[in-house]
Protein chains: 2
Amino acid sequence: MISKSTTTPTGLESTDCTLPPVAGDPGSQPAPTPGSFAQPARVGTPWTFASQDTPGMPAPSDKTAWDFLPDGWSLEAAPDHASGCAGHNHAELGEHIRCAAPDGFEPITQLEHARLGIITPQMRRVAERESHLSAEQVRDEVAAGRMVIPANTNHLNYQLDPMAIGRASKTKVNANMGASPISSGTDEEVEKLRWAERWGADTVMDLSTGGDLDACREALIQSSTTPIGTVPIYSMIIGRKIEDLDEAAILKTIEHQAQQGVDYFTVHAGILREHLPLAKDRLIGLVSRGGSLLAKWMITHQAENPMNTAWEKICQIMRRHDVTFSIGDGCRPGGLADATDALQLAELAEIGKLTERAWRVGVQVMVEGPGHVPFDQIEFNMKAQRRICHGAPFYVLGPLVTDIFPGYDHITSCIGATAAAFHGAAMLCYVTPKEHLGLPKKDDVKQGCIAYKIAAHAADVALGIPGTRNPDDELTKARAALNWEKHFQLSFDPDTARAYHDEDLDVDTDFCAMCGHDWCSVRISKEIQDWASGKAEGYEREKVMRSAALTVEQKEILEQRGVLSPEEIHKLASKTKKTVDADDAGKAACHSDYVDDATAKKMQGHLADQPAT
Amino acid sequence: MISKSTTTPTGLESTDCTLPPVAGDPGSQPAPTPGSFAQPARVGTPWTFASQDTPGMPAPSDKTAWDFLPDGWSLEAAPDHASGCAGHNHAELGEHIRCAAPDGFEPITQLEHARLGIITPQMRRVAERESHLSAEQVRDEVAAGRMVIPANTNHLNYQLDPMAIGRASKTKVNANMGASPISSGTDEEVEKLRWAERWGADTVMDLSTGGDLDACREALIQSSTTPIGTVPIYSMIIGRKIEDLDEAAILKTIEHQAQQGVDYFTVHAGILREHLPLAKDRLIGLVSRGGSLLAKWMITHQAENPMNTAWEKICQIMRRHDVTFSIGDGCRPGGLADATDALQLAELAEIGKLTERAWRVGVQVMVEGPGHVPFDQIEFNMKAQRRICHGAPFYVLGPLVTDIFPGYDHITSCIGATAAAFHGAAMLCYVTPKEHLGLPKKDDVKQGCIAYKIAAHAADVALGIPGTRNPDDELTKARAALNWEKHFQLSFDPDTARAYHDEDLDVDTDFCAMCGHDWCSVRISKEIQDWASGKAEGYEREKVMRSAALTVEQKEILEQRGVLSPEEIHKLASKTKKTVDADDAGKAACHSDYVDDATAKKMQGHLADQPAT
């Protein structure tokens, strides 16, 4: 909500700026979670903001995973009934924990442990990685079904570093990869995996549909520190027509991949026979591969979706290895025209039921969401899912907010992803520049990851997750101090930032090539004695004013840029060095920390006299 | 609002999805405009959405430009008092038009014409370009101050194609360019102008601070079909220290640039002496060049902002040439930490007063807005401006929603720009990948324009401006029909889309390299007989299945891509041609329109056997 101090100098006094209660306010939500943050008022500022929950949107469900316990389990009345939780004192127990599992029950999944009040090593690791959460909070979020820790017990034997997906934790990013029959192979996919991890992907999906699927999956699981997800139906139809798929084949593949160590499965069990007529008038029918394959199966066999009818059997296999569900949206829209239509919402209702059924077996659940959604419909989509799936983490593809920019869909979709994460998504599935055009290459993976790290981080800052804005403020302090070296170190992609800067001006002056010396607002602000601007301790400019030679990587970045030839770039990158740097000792003569303003100006005059390149 | 049909198959029946009235609903706004659109329900879909006005945000002003007429003008009671509007019948007159200007008054600006009920040729041209608006509506929006047509009477002698900026019209994009003392020159800037117009910029600002400013401005004005804006203070301090600036010099420069034909001026008259102490604790002080220069002037002279004290004199000069104001925000935040603080809001209150003062002289006004704003604060910023500036068009820089991605700020900012346009901005000032690092090069201009065309278009679709979603739906139909050629033609950047596609697969098959044949959901949807998907008339696939050779431009796009060497790209781009296309007649043997599925599959098997590249 927007709170006001008693007086403001803004002329806004007469404005009614009161917002309804936010998610974290007591009483406004049935189940307040550590993820519902109200931003504190900032020093010197009478305003705070938090409006991720617009009034009038679907209200949260009044149920959680506690309402869908397996048969034989019960919630008991007395909080001191904790006999089954040996080694845990009461202070550590969550609100609901009563430990009333059947005699002899052995927990396997994170959800089962959480329900019993047990804090697993994976929960502890998650609390380390999410510094605003305690291990107890992690356990309680997992128990409520609002958080998952996708950590197949077999994958834990390799290098998996456990992480969590949920509204209480920071927003996560998934990178899709995988060979197709047309392009790529195992080595290239492992290389893309490393590249995705380098650029911040929190999970990776192997969507291979070509090459040696089994070997590629095995290689990715053994190489990854991040959870690996798959869509098992892709393997089910290798060497088999979709029409020939049966329950035995489904369960066999599920079992095999669970044993391999896959951490989460996308299963499109929500699309039903009765939904198919709703696809009739769609501009682009079904664009989910799993959804369209199962639709074809249902039409051929005139039978119900076999993933749905076999749901409990699939759940039992997944429980044994703690594979997490990512319930697929086989009816997700493939264009703005088909967004939020009756088909999509009908499938969502069924996904809500599947969530409840999976929780009853003790399996962790997240739910997948739509890919093309006009900007104004995003919040509704998030809130409808939150209500129907009782707060299970929402894993959203994009969504793209326009269809007419193929080649730039990492951008069209990270706009939608930011709004989605702000309004309720817990994980964002990246989209690369190659979406709709072909299989992503290594650089597409990087571009997709970065666009989505932007979306996730921007949403976390907007949500006020404690500490998330610190890196932004640190970079702002370095920028204010005109400390270029620190500015680049604090950047998400330091090489690109340095290369772009040095393209015009490869000396670290106390201004930049955008404005030059006389017009540098930051320099002027910094010079005003009684202002804090540019004076933060530890952010002072180093006295080395000339930047080191560009690294090979930085040179490559410049060479790959837009419409300039390598010759033009080299000319640009070295022109200031030649013109300004009369001595070779590394000191730039025009730098105004060393010379007076008049000399600096004169030096720039020389620069301006150079013929334009 | 979200309306519901009586029954839905979604399980959402029990959900309260009623939203408060939207802007276009009668009674909910003091001044409904043609720009307030409620989206119609779509066929087959019970849902509509429109929530650009969250309840609780600052309410709109109850005043418009009609409340700030010049001295001697009056609104009269009788609507048939139209004697001053010769040639216009009553049906053409707007609601408020009473034509009570002083005797002998000659209108010059678009605002003055509109107040007198006169439809100018420029208004007619705007109505042609905004197909959802009539010339009468354009006039009435201009008269109310909610729309501007930046068209200097001198620029109209060259090639200017009049356009409008306001909430009733489509969202516009501005591209900044201009030489700095460090980089670029006039020829390069004219080349960037053409490039910006090619990529959809609606206006261009010449922010030159180096080189021959006068010649560069002259060249841009003579070459442009788009309005040109400037920040005149930059010229005022060429050959003069900021401390030496005085009113005479200010007015001389304003007069000179107005005569040259500049269409809009950014003037930072809102920052006052009393505001400066509010900058004290900011992390990065003032980042507006104009703002920081004037702050320095005020501190040196211990006097009020000369732009503010000379405001009416500046207005009189601008009125004579119909230069539009873009009132600058000298106190815009330079990082998330400084966003929406007391300083920014104090300046905004003064900008509201300047708006009123300019309207009293008959000058058109738009207002500039903040550059770094957390995602959750964007709507509040838009609504505060709308209230305080009485609906004058808001021209917003970005805003960036995170600070830690230098090199990618076209993306960080187009996220904020989409939200800004959805919630109230009328024009978006682009940010390029070079923001904070240096002066944009030609490709940066392209990347910035495209990111902002995405933002503007996504917002227009979300606002439901009639017709804006048609191109998206057309592309979706082509995509559903697997008509690649049409798909690319309908793309915003056809060369890039084609190049990315052909990188993997330079035959136009009825699938793409992302999934291959067997997994192509779009192909499967299209094959289901009773579905509309892929069957739209006029979108059928052409029978030419092999794409033409890549153009030079398309090859360059591939060569500039990411981490691949040109050799690798050429290998990729031709590998399917060599493998698949056994005959040279242009027909791809694996194409499943011509071969059965088994043969297609076999051909793909060959591809999968190729060593990974």
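Guide: What follows is a conversation about a predicted model, in which each term is set against its value.

Visitor: What is chain A built from, and how much of the chain counts as buried?

Guide: Chain A holds 21 helices and ten strands, and 67% of its 613 residues count as buried, a word that is used when the relative accessible area is under 20%. Among the contacts in chain A with a separation of 6 or more, 73% are between residues 24 or more positions apart.

Visitor: Why is helix 11 of chain A called roughly parallel to helix 12 of chain A?

Guide: Helix 11 (residues 342–361) and helix 12 (residues 378–388) of chain A pack at an angle of about 30°, and their axes are 9 Å apart. Because angles under 35 degrees count as roughly parallel, helix 11 of chain A is roughly parallel to helix 12 of chain A. The crossing of these two helices of chain A is right-handed.

Visitor: Which residues make that contact, and how do they divide by class?

Guide: Helix 11 of chain A contributes Gln344(A), Leu345(A), Leu348(A), Ala349(A) and Gly352(A), while helix 12 of chain A contributes Phe380(A), Asn381(A), Ala384(A), Gln385(A) and Ile388(A). By class, six of the residues in this contact are nonpolar, four are polar and none is charged.

Visitor: What is known of how helix 17 and helix 19 of chain A pack?

Guide: Helix 17 and helix 19 (residues 552–559) of chain A pack at about 65°, with 9 Å between their axes, and here too the crossing is right-handed. On the side of helix 17 of chain A the contact involves Asp495(A), Thr496(A), Arg498(A), Ala499(A), Tyr500(A) and Glu503(A), and these meet Glu553(A), Gln554(A), Ile557(A) and Leu558(A) of helix 19 of chain A. This contact has four nonpolar, two polar and four charged residues.

Visitor: Are Trp73(A) and Phe105(A) buried or partly exposed?

Guide: Trp73(A) has a relative accessibility of 12% and therefore counts as buried, the cut-off being under 20%. Phe105(A), with a relative accessible area of 24%, is partly exposed.

Visitor: Why is it said that Phe492(A) and Phe405(B) join two chains?

Guide: Phe492(A) lies in the loop between helix 16 (484–489) and helix 17 (494–504) of chain A, and Phe405(B) lies in the loop between strand 9 (394–397) and helix 13 (409–423) of chain B, so the pair joins two chains. Phe492(A) is partly exposed at 23% relative accessibility, whereas Phe405(B) is buried at 2%. Phe492(A) and Phe405(B) also belong to one aromatic cluster with Trp195(A) and Trp199(A).

Visitor: How do you know that the peptide bond from Gly398(B) to Pro399(B) is cis?

Guide: Its omega is near 0°, and Pro399(B) is placed in the loop between strand 9 and helix 13 of chain B. In chain A, a cis peptide bond with omega of about 0° joins Gly398(A) and Pro399(A).

Visitor: Which residues does Ser413(B) contact, beyond its neighbours within four places in sequence?

Guide: Ser413(B), in helix 13 of chain B, is in contact with Gly398(B), Pro399(B), Leu400(B), Val431(B) and Tyr452(B) when those neighbours are left aside. With a relative accessibility of 0%, Ser413(B) counts as buried.

Visitor: What is noted about phi of Leu482(A)?

Guide: Leu482(A) is not a glycine, and yet its phi is positive, at about 55°. The residue Leu482(A) sits in the loop between helix 15 (470–480) and helix 16 of chain A, and at 6% relative accessibility Leu482(A) counts as buried.

Conventions. Residues numbered from 1 in each chain as written. Chains lettered and ligands numbered in written order. Predicted model: local features only at pLDDT ≥ 70, side-chain atom pairs only at ≥ 80, totals over all residues. Heavy atoms only, no water. Axes fitted to C-alpha atoms, helices over the stretch in contact; angles between N-to-C directions. Helix = DSSP H or I, 4+ residues; strand = E, 2+ residues; numbered from the N terminus. Parallel < 35°, antiparallel > 145°, perpendicular 65-115°, else oblique. Left-handed = near helix turned anticlockwise from the far one by under 90°. Contact = heavy atoms within 4.5 Å. Nonpolar A, V, L, I, M, F, W, Y, C, P; charged D, E, K, R; others polar. Buried < 20%, exposed > 50% of the residue type's maximum accessible area, 1.4 Å probe, protein only. Phe/Tyr/Trp six-rings, centres within 6.5 Å; stacked < 30°, edge-to-face > 60°.
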